[in-house]
Each structure stands twice: as C-alpha cells, then as structure tokens.
Amino acid sequence: MKIISWNVNGLRAIHKKGFADFLKTENPDVLCLQETKAHPEQIEIELRVPEGYFAEYHSCAIKKGYSGVVTFSKIQPERSICGFEIEKFDQEGRVVQSDFGEFILFNIYFPNGAQSDDRDRYKMEFYDALGEHLRLLKNRGRKIIVCGDFNIAHTELDIARPRENAQTSGFRPYEREKFGNFLKLGFTDSYREFVPEGGNYTWWSHRMGARERNLGWRIDYHCVSNDLMQRVKDVHQRPDIMGSDHCPVVLELDF
C-alpha cells in the first residue's frame, strides 16, 4: 500500500500546476492532502473525486478558503470521521480519520502558531487533545498512522538553520518537546528510520530562493504506531515535485 501525504497550499491552485499528471504517475492507494483551502462544491468536478478513488473532505466551517484536508483512497474505508469531536478544533477542518480495518489513518493539518500567542496556545492544545484521542484508540488495540503537516520541526536535523530559528514558531523548545511527547505515545517518525541524516526537508519559504538553496524545514511526517512499523517497507520525500511550498512524502506498507 502506497500512502502519499502532501500539503498542496490550495487544491484548486495545484490543479493548475499538473496535479492530474502527478496523481496518474504516482498512482497512490491513498492520497492525503492538507491545506486544500476549499469546500468540495468549490472544486472542479473532475478533481473533486478523481476517477477510481473515494473521497472524504473536512473543510473549515468558519472561514472559506482556509485550512481543509481531503483523503482520496482506492479502497473504501470501513469508516470515515471528520475531526475528533472537539468543536473548537473540528470547525477549522483539520482532520480526516479513515478506518481501513488493519489500521486507522489520520490525515491532519496541524495548526500554525506563528500568528499570535492565542494561536500558539491553540496549536499546543490541539496536540494535547489529539494525543488523548490517540491514546484511547491505542488502548483499544488499534494500530494508527498519523500523516500530514505537523507544523513542527522536531530536531536540529529537521531544519537547515537551527541556531537562527531556535525561537521561531515551529522550532521553539516547548514545541519540539510537544512533538517528542507525541512520539512517546507509541509512535515512530518513520522517515527517520530510513534516513537518519539531516539536510532533507519538506517545506521551504518562498523568500530568498530558499528551495533552490535547500534552506528548508522538515515538518511533514508519517508517524506510525510502533506495533505497525514492521509493515513499513520504505519512506521517502519528493522534493522534485513542484507546485506547492511543501513536497510530498511517500509511505509504502506491506499490505
């Protein structure tokens, strides 16, 4: 099973930048997109539900053109849920849960805390609430994959200029600790199991030719519950795929 996660920074925008060709060439079993910035009715019909896929959208209820995630899957999930039943988080359209029986896949666009102290608190509260939700599922014996844009670079290997960004939102010490606590729930940063060295990023600023100079951040992950890691065959990033300020991350499972 091939699962791709990608923050597309606007689904309608990426459609004009060769998205259909990307989907045909990569042919994933599951495609998790974040920051779609659209409700389903705003999306061209051929993109809304690509041929051969089922689709589950979670769109922002309080502001159009903001946030949003969608999961496209060739296999119809046994159950799909939008959000995790906490209104202040669910109303921003950030989570799709897809139950595939063997595991539950979470497609998540985590909040960005850079705008204000209130949004920073909201981001930390989101992590805490999600962690409690995942803990309950794991206590019921469920295997879980959490993929998406986590909006945190975990270690110094995950950012091009760690010293300069030590107090920048997304790399502050308490955020990195929060990410570490998330992993302690029983998850593995699967990419790091395959690529232990740094210098590999998934997001680049539009400023100062950051992508061309590879001055980036690794903030997009597939975190796999430890009891499912034996099924992971490969994880790799695709910085060659353009169209967004993020690049796709590919997880391959033995299913």
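In this predicted model, Arg119 lies over the face of Tyr122, 4.2 Å from the ring centre.

Aromatic pairs in the structure number 20. In the pair formed by Tyr57 and Phe72, the ring centres are 6.2 Å apart and the planes meet at 80°, so the arrangement is edge-to-face. Tyr57 belongs to strand 3 (residues 54-58) and Phe72 to strand 4 (residues 69-73), so the pair ties together parts that are 15 residues apart in sequence. Tyr57 and Phe72 are both buried.

The protein as a whole contains seven helices and 14 strands. Its radius of gyration is 17 Å, close to the 18 Å given by the globule rule for 255 residues, so the protein is as compact as a globular protein of that length. The C-alpha trace spans about 45 × 45 × 40 Å along its principal axes. Of the 255 residues, 56% count as buried. Among contacts with a separation of 6 or more, 69% come from residues 24 or more positions apart.

Six strands form an open sheet with mixed pairing, in the order 5-6-7-8-12-9. Strand 5 (79-82) and strand 9 (187-189) are the edge strands, and each pairs on one side only. From one strand to the next the twist averages 15°. Within the sheet, strand 8 (residues 144-149) and strand 12 (residues 220-225) pair in the antiparallel sense over five bridges. Val146 stands opposite Cys223 of strand 12. Helix 5 (residues 117-139) packs on this sheet, where it touches strand 6 (95-99), strand 7 (104-109), strand 8, strand 9 and strand 12. The direction of helix 5 makes about 180° with that of strand 7.

Helix 6 (residues 173-183) has as its buried residues Glu175, Lys178, Phe179, Gly180, Phe182 and Leu183. These buried residues pack against helix 5, strand 8, strand 9 and strand 12.

The loop between strand 8 and helix 6 contains Asp158. With a relative accessibility of 0%, Asp158 counts as buried. Leaving aside neighbours within four places in sequence, Asp158 is in contact with Ala153, Arg192, Tyr201, Gly216, Trp217, Arg218 and Tyr221.

Gly199 lies in another loop, between helix 7 (190-194) and strand 10 (203-204). Gly199 is partly exposed, with a relative accessible area of 31%. Not counting residues up to four places away in sequence, Gly199 touches Leu157 and Asn214. Gly199 and Leu228 are 29 residues apart in sequence, and their C-alpha atoms are 27 Å apart in space.

Technical notes: Residues numbered from 1 in each chain as written. Predicted model: local features only at pLDDT ≥ 70, side-chain atom pairs only at ≥ 80, totals over all residues. Heavy atoms only, no water. Pairing = 2+ DSSP bridges. Helix = DSSP H or I, 4+ residues; strand = E, 2+ residues; numbered from the N terminus. Axes fitted to C-alpha atoms, helices over the stretch in contact; angles between N-to-C directions. Contact = heavy atoms within 4.5 Å. Phe/Tyr/Trp six-rings, centres within 6.5 Å; stacked < 30°, edge-to-face > 60°. Buried < 20%, exposed > 50% of the residue type's maximum accessible area, 1.4 Å probe, protein only. Lys NZ or Arg CZ within 6 Å of the ring centre and 35° of its normal. Rg over C-alpha atoms; globule rule 2.2 N^0.38 Å.
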